[in-house]
Amino acid sequence: MHADVHHLLHTIDSAELHCRAAEFRLPRASLRARLGWVLVEVGLRLTAQGRDTVVPRATAFRPA
């Protein structure tokens, strides 16, 4: 097989695989943004509790 033909077939296969992969790609930007806002909300809730409240520690938890 000539190098030009091999390169052409590889290019066609590569383009087809990229098109197929694009169908299954997740919307990463929106997922990152949603996760970021959830983390901000959790952080705000933790700081809104104040330092006077007692937070139970993981060592105090005993499963039934």
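This is a predicted model: local features need pLDDT of at least 70, side-chain atom pairs count only at pLDDT 80 or more; totals for chains, interfaces and linings use all residues.
Figure 1. Because glutamate 16 and arginine 20 are four residues apart in helix H1, about one helical turn separates them.

**Figure 2. The salt bridge between glutamate 41 and arginine 45 in helix H2.** Here the closest N and O atoms of glutamate 41 and arginine 45 are 2.7 Å apart. Both residues belong to helix H2, with a spacing of four residues, or about one turn of the helix. Glutamate 41 has a relative accessible area of 39% and is partly exposed. Arginine 45 reaches 56% relative accessibility; the cut-off for exposed is over 50%, so arginine 45 counts as exposed. A search of the whole structure finds two salt bridges.

**Figure 3. Threonine 47 and the backbone of leucine 44.** Threonine 47 is located in helix H2, which spans residues 28-48. A polar atom of the threonine 47 side chain lies 3.0 Å from the backbone oxygen of leucine 44. Threonine 47 has a relative accessible area of 61% and is therefore classed as exposed.

Figure 4. Valine 5 sits in helix H1, which covers residues 3-24. The relative accessible area of valine 5 is 40%, so this residue is partly exposed. A patch residue needs over 30% relative accessible area, and valine 5 at 40% is therefore above that cut-off.

**Figure 5. The whole chain, for orientation of the close-up views.** The secondary structure consists of two helices and zero strands. The chain has 64 residues, and buried residues make up 0% of them. Its accessible surface comes to about 6,800 Å². Carbon and sulfur atoms account for 65% of that surface. Helix H1 (residues 3-24) contains valine 5, and helix H2 (residues 28-48) contains threonine 47.

Technical notes: Residues are numbered from 1 along each chain as its sequence is written. Side-chain values use heavy atoms; hydrogens and water are left out. Buried means under 20% relative accessible area, exposed over 50%, partly exposed in between (1.4 Å probe, protein chains only). Accessible areas come from the Shrake-Rupley method with a 1.4 Å probe; for residues, only the protein chains shown count as cover. A polar contact is a pair of N or O atoms within 3.5 Å; within protein, one must be able to donate a hydrogen and the other to accept it, and residues adjacent in sequence count only if both atoms are side-chain atoms. A salt bridge is a side-chain nitrogen of Lys or Arg within 4 Å of a carboxyl oxygen of Asp or Glu.
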